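Please look over the model shown below. The report that follows covers confidence, then a few residues.

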Amino acid sequence: MHITAQKIKETAEALECTELKSFMFQEPTAGPLTRRRRSSRSTGRSRRSTRGTHRSTRGTRRSTRGTRRSTRRSTRRSTRGTRRSTRGTRRSTRGTRRSTRRSRRSTRRSRRSRRSTRRSRRSTRRSTRRSRRSTRRSRRSTRRSTRRSRRSTRRSTRRSRRSTRRSRRSTRRSRRSTRRS
């Protein structure tokens, strides 16, 4: 049974209609402490009437207790519902925060990977440039060395030719001189 505010209002109005209101707002009449006893019939009637009033007050007390309990339960349920809703919103906000953090991390990692690939490309470009430069230098050096070696061989052949020519001339001169003598 679900308790609503309308039901609580109806029960309160029903309580106001009972004898409780008239009993609550009675002015206390302080009579004499020691009363003379009347006949047994009148005392029995008064006792019965007081018992009826006691019973009615007990019933009203029970009904007020029930309404209090129901209002407490309804307030507890409403507070539990609000707590659960706040927990759900907190969890959802945590999930969104985690998702945003993960997306940020992924973007950072992608940026880092891009940077690393760029750096690796730059390093490879630099290394290829250096290797090209070194090959060019080595080619230049080999060309120079071959040129030098060719020059040296040419010079040596020229010298050897000159020396052979000189030696031939000298031999011819010596022969001539021997013939003359």
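## A first residue

Is Arg68 buried, partly exposed or exposed? Arg68 counts as exposed, because its relative accessibility is 53% and the classes are buried for under 20% relative accessible area, exposed for over 50%, and partly exposed in between (1.4 Å probe, protein chains only). Arg68 is in helix H3. Between the C-alpha atoms of Arg68 and Ile8 there are 9.3 Å in space, while the two are 60 residues apart in sequence.

## Basis and confidence

This is a predicted model, in which local features need pLDDT of at least 70, side-chain atom pairs count only at pLDDT 80 or more, and totals for chains, interfaces and linings use all residues. Residues are numbered from 1 along each chain as its sequence is written, and side-chain values use heavy atoms, with hydrogens and water left out.

The protein has a mean pLDDT (the predictor's confidence in each residue, from 0 to 100) of 80, with 77% of its residues at 70 or more. Helices (H or I, at least four residues) are DSSP runs, numbered from the N terminus.

## Two side chains in helix H3

Thr67 lies in helix H3, which covers residues 40–180. Thr67 is buried, at 18% relative accessible area. A polar atom of its side chain is 2.6 Å from the backbone oxygen of Thr64.

Ser78 is also placed in helix H3. Its relative accessibility of 40% makes Ser78 partly exposed. From a polar atom of the Ser78 side chain to the backbone oxygen of Thr75 the distance is 2.7 Å.

Notes: A polar contact is a pair of N or O atoms within 3.5 Å; within protein, one must be able to donate a hydrogen and the other to accept it, and residues adjacent in sequence count only if both atoms are side-chain atoms.
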